[in-house]
Amino acid sequence: MKMHSKEILSLESLKIGYVSGKNENALLPPLTAFANSGELIAVIGRNGIGKSTLLRTLTGLQPALGGEIFYNARNIREYTRMELAQKVGYISTEIVKVSNMRVYDLVALGRFPHTNWIGKIELNDHEIILDALKKTSMEGFRKKFVSELSDGERQRSMIARILAQDTSIMIMDEPTAFLDVAGKYEILHLMHLLSRNSGKTIIFSTHDLQMAINQSDKIWLILGNKLIEGAPEDLMIAGAFDHLFDSSIVLFNSEDGTFSFKSDTKGTIYIDGEGDKRYWTEKAVNRAGFTVSKERTFPYITLPSNSNLCWQLSGHSIIQEFSSIYELILSLSNDLIRSI
Amino acid sequence: MKTETKKDLSVELIPGRNIRLIFSGLLLLVLIFFILDILFGSVSIKASEVIRAIFTSTGSNFETIVLRFRLPKAITALTVGVALSLSGLQMQTVFRNPMAGPYVLGISSGASLGVAFVILGFSSHITPDNINELGNWILVAASWAGAGAVMMLIMVISSKIKDIMTILILGIMLSSGISAIVIIMQYFSNETMLKAYVIWTMGSLGNLTASQLNVLLISVSAGVILSLFSSKMLNALLLGENYAGSIGLNVRFARIVIFICTSILAGSVTAFCGPIGFIGIAVPHIARILFKTSDHKILIPGTILIGGAVMLISDIISQLPGSENVLPVNAVTSLIGIPVVIWVILRNKKYSGPF
């Protein structure tokens with residue numbers, strides 16, 4: 001097991017930002033973090049905090065303002081452009097739009113650091129390209145033009161391109177940003193498989209906190225004044241995510257990793273019953289602005305069961321029945337306060 | 001299993017039979033147009049006479065016309081077509097702009113400013129007709145410098161502004177600005193200089209001296225060789241600078257190589273033949289339509305052949321076979337190129353991507 005968790009990347013007091021004229025604009029205080037081989041690492045932080053800049057700096061596209069980056073204990077400064085390209089692959093948020101470029105050609109560009117001066121694709125390269133297409137389930141698309149692909153397919157081909165580049169580290173800037181929910185999970189699943197089965201270390205930024213918490217091995221949480229790293233669960237227990245929402249109206253529930261909006265509570269309601277119906281009813285009641293109490297109080301809701309197919313809302317004097325949560329909530333928001 | 005891999009190879013690794021067929025067709029076309037360009041001219045000469053003039057030395061008038069005028073002119077046309085098209089292809093990729101070309105972006109204007117400095121600024125003894133080999137090299141170097149300077153300027157601007165139409169308008173402004181400078185220079189120059197410059201601006205494919213043709217051929221050959229070396233870099237640049245850098249391209253180095261290459265190609269042509277429009281922008285698109293690829297390993301030779309063929313046919317048309325009149329070749333290339341440009345504009349109205 002120890003063999004497996006080999007440190008592949010470390011940042012030591014890394015200062016990221018831009019140089020404009022003689023002024024250095026450091027975005028964040030110096031960052032220190034590390035990544036082990038085969039880990040799926042999510043970079044979380046608010047918009048504009050410097051996630052993209054961090055990822056670009058790690059890829060070597062932008063110089064660090066200070067501090068060090070080590071890949072396999074070797075300083076990034078000692079790598080040539082070509083050597084680094086064989087170590088780290090990169091996907092940005094930029095959408096590649098080139099007409100007349102086939103998926104095969106796009107993936108073949110991943111072989112850039114491995115081919116000769118004119119970029120000739122040899123048999124060996126060809127097999128690697130086909131393998132990359134296979135791993136991303138894009139074999140059937142290889143003769144299609146990139147411009148004809150859906151967002152998800154294009155992202156898969158971009159991933160195939162880094163696979164063809166044959167790097168041990170993949171850096172992806174919001175790889176799921178413009179995908180629908182199904183697409184997001186497909187790409188995340190693919191990333192998960194690549195880190196498990198192909199031993200790739202994947203560092204990706206995302207705004208989807210729940211997805212990151214569920215799927216990643218480690219989170220680099222960038223807050224205004226520091227970078228906190230750890231397993232998602234460690235960060236949850238430490239309540240680290242709360243700081244993400246300090247100034248906003250969003251409430252992060254560190255018990256189950258869900259969000260809600262901060263609002264004044266309209267009252268408390270007890271829910272009688274268990275199971276998934278309870279889970280969803282509770283969610284709806286919360287959304288309507290009520291808190292769910294732990295002890296039986298009035299009013300209370302009785303969930304549908306074998307003997308009763310309706311949601312019952314029991315007040316002191318009356319019992320109302322509803323055939324759906326929708327109706328229940330409608331009644332709650334309108335009548336309850338008056339009737340009780 | 002083994003045979004299947006082999007089959008895959010024949011599909012994707014080795015250029016398909018279609019592509020080879022197109023290449024053979026284009027080569028044949030260039031050859032035919034080259035011969036036609038020699039056969040047709042303002043003086044009608046029978047084909048048999050032309051052949052006799054090329055292969056035997058009779059000392060006849062026909063021989064003079066064919067060897068001293070038509071053959072060099074055809075060679076010039078071929079070279080000019082190759083150079084302008086290739087520089088257009090490189091610019092379109094490096095600027096990620098389907099409308100880029102030496103003429104529209106003002107690169108040709110920059111080159112003509114260089115020429116104006118030499119002819120109007122330096123010496124009244126330099127006229128296009130009497131300068132020696134060294135003078136020609138000075139002329140062409142000034143032209144490269146002018147082209148290169150405008151390239152740099154456009155590059156700086158386009159790194160700040162991504163909108164393609166804005167860049168085009170700036171290119172037009174740049175051209176106009178440069179013309180204004182040249183007009184001022186003309187105003188202050190003496191009569192001989194002025195005459196020499198005006199003759200140059202009317203430039204055509206037929207006015208080159210043997211020594212100028214030499215300089216042109218050497219420069220363009222250097223540009224073509226350099227462009228072959230740049231095909232891998234150009235392919236990477238298709239993805240944009242960030243991706244190109246992330247797959248191992250030294251973007252700054254690549255830019256410098258491609259800039260030098262483009263400046264040599266567009267500058268040399270402008271130095272000796274004057275500004276010739278719309279070949280550089282249109283031909284790369286014809287190549288893309290024909291080969292349906294974005295791979296510069298195919299697009300570069302394709303553009304070379306198509307560029308040569310289009311320029312030769314433009315020259316043939318400009319001679320108005322059967323009549324004694326000659327049209328300015330610039331007018332013909334515009335009429336051929338503009339429809340292609342319009343087609344490209346109409347095809348992708350949304351100009352956010354490269355092409």
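1. Basis of the note. Because the model is predicted, local features are given only where pLDDT is at least 70 and side-chain atom pairs only at pLDDT 80 or more, while totals for chains, interfaces and linings use all residues. Residues are numbered from 1 along each chain as its sequence is written, and chains are lettered from A, with ligands numbered from 1, in the order in which they are written.

2. Secondary structure of the chains. Chain A has 10 helices and 19 strands, whereas chain B comes to 15 helices and zero strands. Helices (H or I, at least four residues) and strands (E, at least two) are DSSP runs, numbered from the N terminus.

3. Overall form of chain A. Along its principal axes, the C-alpha trace of chain A spans about 85 × 50 × 45 Å.

4. Burial and contacts within the chains. In chain A, 36% of the 340 residues count as buried, and in chain B the share is 48% of 355 residues. A residue is buried if 20 or more other C-beta atoms lie within 10 Å of its own, exposed if 12 or fewer, and partly exposed in between, with C-beta atoms placed from the backbone. Among contacts between residues at least 6 apart in sequence, 62% in chain A join residues at least 24 apart; for chain B, residues 24 or more positions apart account for 80% of the contacts with a separation of 6 or more. Two residues are in contact if their C-beta atoms, placed from the backbone, lie within 7 Å.

5. The four-stranded sheet of chain A. An open sheet takes the strand order β4-β1-β6-β7 in chain A, with antiparallel pairing; two strands pair if DSSP finds at least two bridges between them. The edges are held by β4 (31-36) and β7 (74-75) of chain A, each with a single partner strand, so one side of each is left without a neighbour in the sheet. Strand β1 (residues 7-15) of chain A is joined to β4(A) by five bridges, and A:Leu11 has A:Ala33 as its bridge partner in β4(A). Strand β6 (residues 66-71) of chain A pairs with β7(A) over two bridges, where A:Tyr71 is partnered by A:Arg74.

6. The two faces of β4(A). In a regular strand the side chains alternate between the two faces of the sheet. The covered face of β4(A) carries A:Leu31, A:Ala33 and A:Ala35, while A:Thr32, A:Phe34 and A:Asn36 are on the uncovered one.

7. The six-stranded sheet of chain A. A further open sheet has the order β8-β9-β10-β5-β11-β12 in chain A, with mixed pairing. At its edges stand β8 (88-91) and β12 (226-230) of chain A, each having a single partner strand, so one side of each lacks a neighbour in the sheet. Strand β5 (residues 40-44) and strand β11 (residues 218-223) of chain A run parallel and are joined by four bridges, with A:Ala42 standing opposite A:Ile219 in β11(A). Helix α6 (residues 181-197) of chain A packs on this sheet, touching β5 and β10 (201-205) of chain A, and its direction makes about 150 degrees with that of β10(A). Axes are lines fitted to C-alpha atoms, for helices over the stretch in contact, and angles run from 0 to 180 degrees between N-to-C directions.

8. A:Met172 is placed in strand β9 (residues 169-172) of chain A and counts as buried because 24 C-beta neighbours lie inside 10 Å. Leaving aside residues up to four places away in sequence, A:Met172 touches A:Ile91, A:Ile202 and A:Phe204.

9. The contact between the chains. Chain B places 29 residues in contact with 29 residues of chain A. On the side of chain B that touches chain A, α1 (2-12), α10 (231-237) and α11 (241-246) of chain B each supply at least two residues. The residues of that side divide into 11 nonpolar, 11 polar and seven charged, where Ala, Val, Leu, Ile, Met, Phe, Trp, Tyr, Cys and Pro count as nonpolar, Asp, Glu, Lys and Arg as charged, and the others, Gly among them, as polar.
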